[in-house]
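Please look at the sequence and the structure below before reading on. The numbered points that follow are short notes on them.

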Amino acid sequence: MELVQIQRRLVDYTKSLFMEGFLDAQFLQLQQLQDDSNPYFVFEVVSLFFEDSEKLLNELTIALDQPNVDFKKIDSHVHQLKGSSSSIGAQRVKNACIAFRNYCDVQNIEGCLTCLQQVKQECYLVKNKFETLFRLEQQIMASGGSVPTIELGF
Amino acid sequence: MRTTEKIDGYDLSTSDTEEVHVLAVDDSLVDRKVIERLLRISSCKVTAVDSGRRALQYLGLDEEIQKKETNGFDGLKVDLIITDYCMPGMTGYELLKKVKESSAFREIPVVIMSSENVIARIDRCLEEGAEDFIVKPVKLSDVKRIIDYTTTELREGEQREGARARRRGINKRKQREGDDDLSSSPPSTLSSSASSSPSSSIQSAAAPLSPSTLDSPTRRLKMTSSE
């Protein structure tokens with residue numbers, strides 16, 4: 001496939017992620033921080049997020065499985081996950097965390113379990129989206145092209 | 001790039017280079033990486049730590065660790081502290097208090113970051129002497145704004161000290177005369193603490209209503225309360 005076509009595909013794919021709510025404006029902020037001196041910045045931050053979220057999701061699974069559920073601890077973990085997902089612009093993950101915290105506040109275990117599943121699902125989905133995104137970027141860079149950035153005016 | 005200015009024979013550079021040295025404090029690895037990059041791209045030197053405790057250790061303020069040198073660290077002066085509010089152990093608020101209580105470091109501006117946009121929280125931080133409050137997620141424009149006025153403050157350093165002393169003299173005289181002249185005092189000061197205010201009269205005269213000043217939640221609060 002020609003370089004221009006891959007670049008076009010990347011732009012369209014990225015736009016679709018915004019349309020579908022997977023990403024929000026904060027992701028564009030991250031892209032602004034990437035340049036020739038730091039060409040893998042977004043990839044590195046996103047990778048850190050998934051390492052972090054995996055640990056947090058494991059902790060949450062264990063915590064909700066206890067006979068006496070520690071809601072404070074759970075809230076703290078979800079707060080962390082909400083924060084880091086917000087920092088990378090992973091909007092659907094962030095929103096799922098907000099819903100999770102609401103059930104935590106009222107100590108509703110069933111609600112929390114459902115939310116945990118939702119957060120896991122959203123993390124899984126957005127991880128796949130990012131993998132596709134980075135694959136396209138790699139193809140572009142391997143062809144010697146530059147990764148196009150999108151404007152928020154679309 | 002900025003050049004070292006000499007005014008009245010004083011060298012106003014704060015360290016060997018022109019760069020602002022920021023101590024960034026955040027327990028989140030993701031956020032630390034982002035804030036570090038945001039600061040570097042804004043031409044700052046960055047030291048990032050993961051807790052309030054470590055921040056105090058770096059400054060040499062940790063009571064349990066003996067200060068080996070007068071400054072307690074490698075000798076690189078900290079020009080600005082930017083810290084997350086919600087952290088396990090010591091919160092950003094507690095860190096702010098410790099810094100402002102210290103005679104050696106109270107003049108260092110402290111900026112608080114928080115994902116929660118709670119007025120009571122913002123007020124409490126400002127009252128304790130915080131320079132500014134950023135709502136997360138942090139954007140490049142937030143960091144640029146803060147570095148801009150930190151740089152301005154540092155560069156004007158002694159010059160402003162002199163101007164402030166003169167203003168205090170003027171204000172005291174006007175208070176005695178019962179004349180509350182707002183134009184002679186910084187219009188956007190909320191707290192009455194003696195620590196350096198975020199906007200000097202020079203800066204606010206230059207751009208009182210620029211979009212960047214209106215973006216900050218603290219600016220909005222300050223402007224409302226001075227009406």
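How many residue pairs are in polar contact between chain B and chain A?

1. Between chain B and chain A, six residue pairs are in polar contact, both residues at pLDDT 80 or more. A polar contact is a pair of N or O atoms within 3.5 Å; within protein, one must be able to donate a hydrogen and the other to accept it, and residues adjacent in sequence count only if both atoms are side-chain atoms. On the side of chain B that touches chain A, helix α1 (residues 29-41) of chain B gives the most, with eight residues. Helices are DSSP runs (H or I, at least four residues), numbered from the N terminus.

2. This is a predicted model, in which local features need pLDDT of at least 70 and side-chain atom pairs count only at pLDDT 80 or more, while totals for chains, interfaces and linings use all residues. Residues are numbered from 1 along each chain as its sequence is written, and side-chain values use heavy atoms, without hydrogens and water.

3. Chain B brings 16 residues to the contact and chain A brings 22 residues, where contact means heavy atoms within 4.5 Å.

4. Four salt bridges are counted between chain B and chain A. A salt bridge is a side-chain nitrogen of Lys or Arg within 4 Å of a carboxyl oxygen of Asp or Glu. The side chains of A:K82 and B:E116 form a salt bridge at 3.8 Å, N to O.

5. A:H79 lies in helix α4 (residues 71-88) of chain A. A:H79 counts as buried because its relative accessibility is 17%, and buried means under 20% relative accessible area (1.4 Å probe, protein chains only). Leaving aside neighbours within four places in sequence, A:H79 is in contact with A:R101, B:C86, B:S115 and B:E116.

Methods:
Chains are lettered from A and ligands numbered from 1 in the order in which they are written. Helices (H or I, at least four residues) and strands (E, at least two) are DSSP runs, numbered from the N terminus. Buried means under 20% relative accessible area, exposed over 50%, partly exposed in between (1.4 Å probe, protein chains only).
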